[in-house]
Amino acid sequence: MSYKARLFWILWLPGMAGVLSFLLVDLSALVAALPQPAGGQVELPPPALLKLLSIIQPAVLMTVATLVGVFLSGRIGLHSPAAEAAARGDRFAEKLRPQILPGVLAGLAAGVAIVLVWVIAKPFLPPEFIVKAEAFNKFMPHAVRLLYGGFTEELLLRWGVMTFLVWASSRLLGARAKSSPPYKEKVAGFSSPPVLGGVADASSDGVVEAAGWSADGVVLSEPQTPKPFYFIGAIAVSALLFGIGHLPIASALAGGLTVPIVIFVITGNSIFGIVAGFLYWKKGLEAAMIAHMSAHLVLITAIYLAI
């Protein structure tokens with residue numbers, strides 16, 4: 001199995017665990033708790049079919065996002081250090097350890113910020129939305145928040161969307177930082193490839209492959225990293241998309257969207273999207289995943305305390 005295939009499966013499996021955690025949600029009870037249309041109650045498909053439909057779309061999107069990250073991240077200097085180390089057969093714990101503390105601290109801070117946004121926005125939100133939102137929070141199992149949020153959403157928004165945005169914008173506008181001229185070198189084996197940056201892999205004929213480098217033995221002496229403002233732009237756009245992605249459920253809870261609801265939902269979720277984006281850029285994907293889980297621990301505590 002190639003390096004990229006190993007990396008794909010290492011990331012896809014926890015992402016799929018997050019998708020499958022949706023099976024823990026009582027969807028029939030959840031839908032019944034939502035505001036019903038004026039024409040009467042919505043007729044639902046059988047529970048088993050409803051659960052199957054609820055995981056198909058996120059599973060497909062997560063798979064596509066994982067593939068995007070596997071093939072594009074290394075070309076622009078973005079990484080999942082622990083997963084990449086595991087795919088290479090190295091000690092992944094050494095790559096994970098430096099990401100834990102930044103992820104936890106940033107996640108806790110972001111979680112507190114989201115709670116503060118909720119407290120500040122509450123007087124401006126429709127009372128029926130507040131009641132429905134608080135009831136909705138109780139329907140969502142903790143495992144779904146931690147697994148789907150921590151793994152699946154980070155693979156979708158950071159590893160997939162943010163990576164693609166940085167890669168596409170830098171290619172379209174030609175804003176790559178200069179790198180040294182490429183050189184060709186055949187490497188026998190995998191233990192010590194002549195690569196100063198990026199992630200290397202040994203193909204079956206002993207030719208080093210690296211993320212963004214060809215399989216015919218062409219190895220760049222350093223990765224071509226886009227300029228910082230492309231990462232910042234991608235972080236902002238992916239964070240905004242993360243916030244917008246929560247509007248449909250907010251609309252379902254409120255029976256429609258109002259300006260205060262839109263501002264609250266986008267602001268609260270974008271705060272974390274920005275934090276996670278910078279962690280992915282500066283520390284690695286695992287730091288963003290840890291932060292997402294840590295933020296949800298704060299939110300779970302706030303729900304328990306009825307804040």
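1. In α4, P81, A82, A83, E84, A85 and A87 are buried. Buried means under 20% relative accessible area, exposed means over 50%, and partly exposed is in between (1.4 Å probe, protein chains only). Helix α4 spans residues 81-88, and six of its eight residues are buried, so the label "mostly covered" applies. The cover over these buried residues includes α1 (3-20), α5 (92-121), α7 and α11. Just after α4, G89 has a positive phi of about 85°.

2. A word on the source. This is a predicted model: local features need pLDDT of at least 70, side-chain atom pairs count only at pLDDT 80 or more, and totals for chains, interfaces and linings use all residues. Residues are numbered from 1 along each chain as its sequence is written, and side-chain values use heavy atoms, with hydrogens and water left out.

3. Now the overall picture. The protein has 11 helices and four strands. Both are DSSP runs, numbered from the N terminus: helices are H or I with at least four residues, strands are E with at least two. Of the 307 residues, 44% count as buried. Take contacts between residues at least 6 apart in sequence: 77% of them join residues at least 24 apart. Contact means heavy atoms within 4.5 Å.

4. Next, look at α7 and α11. Two packed helices are described by the angle between their axes and the distance between the axes. The axes of α7 (residues 142-173) and α11 (residues 285-304) come within 9 Å and cross at roughly 145°. Axes are lines fitted to C-alpha atoms, for helices over the stretch in contact, and angles run from 0 to 180 degrees between N-to-C directions. The α7 side of the contact includes H142, F151 and W159. The α11 side includes L285, M289 and I303. The residues of this contact divide into 11 nonpolar, five polar and four charged. Here Ala, Val, Leu, Ile, Met, Phe, Trp, Tyr, Cys and Pro count as nonpolar, Asp, Glu, Lys and Arg as charged, and the others, Gly among them, as polar.

5. Leaving out residues up to four places away in sequence, T152 touches G15, G18, V19, M62 and L147. A234 is in helix α8. A234 is buried too, with a relative accessible area of 4%. Beyond its neighbours within four places, A234 is in contact with M162, L165 and V166. The C-alpha atoms of A234 and L165 are 5.5 Å apart, although 69 residues separate them along the chain.

6. Finally, the rings. The structure holds 11 aromatic pairs. Rings of Phe, Tyr and Trp (its six-membered ring) pair if their centres lie within 6.5 Å; planes under 30 degrees apart count as stacked, over 60 as edge-to-face and the rest as tilted. The F242 and F272 rings have centres 6.3 Å apart and planes at 55°, so this pair is tilted. F242 is in α8 (residues 228-244) and F272 in α10 (residues 259-282), 30 residues apart. Both are buried. F8, W9 and W12 form one aromatic cluster.

7. Charges meet rings as well. R158 lies over the face of F242, 5.6 Å from the ring centre. K282 has its charged end over the ring of W281, 3.9 Å from its centre. The test is that NZ of Lys or CZ of Arg is within 6 Å of the ring centre and within 35 degrees of the ring normal.
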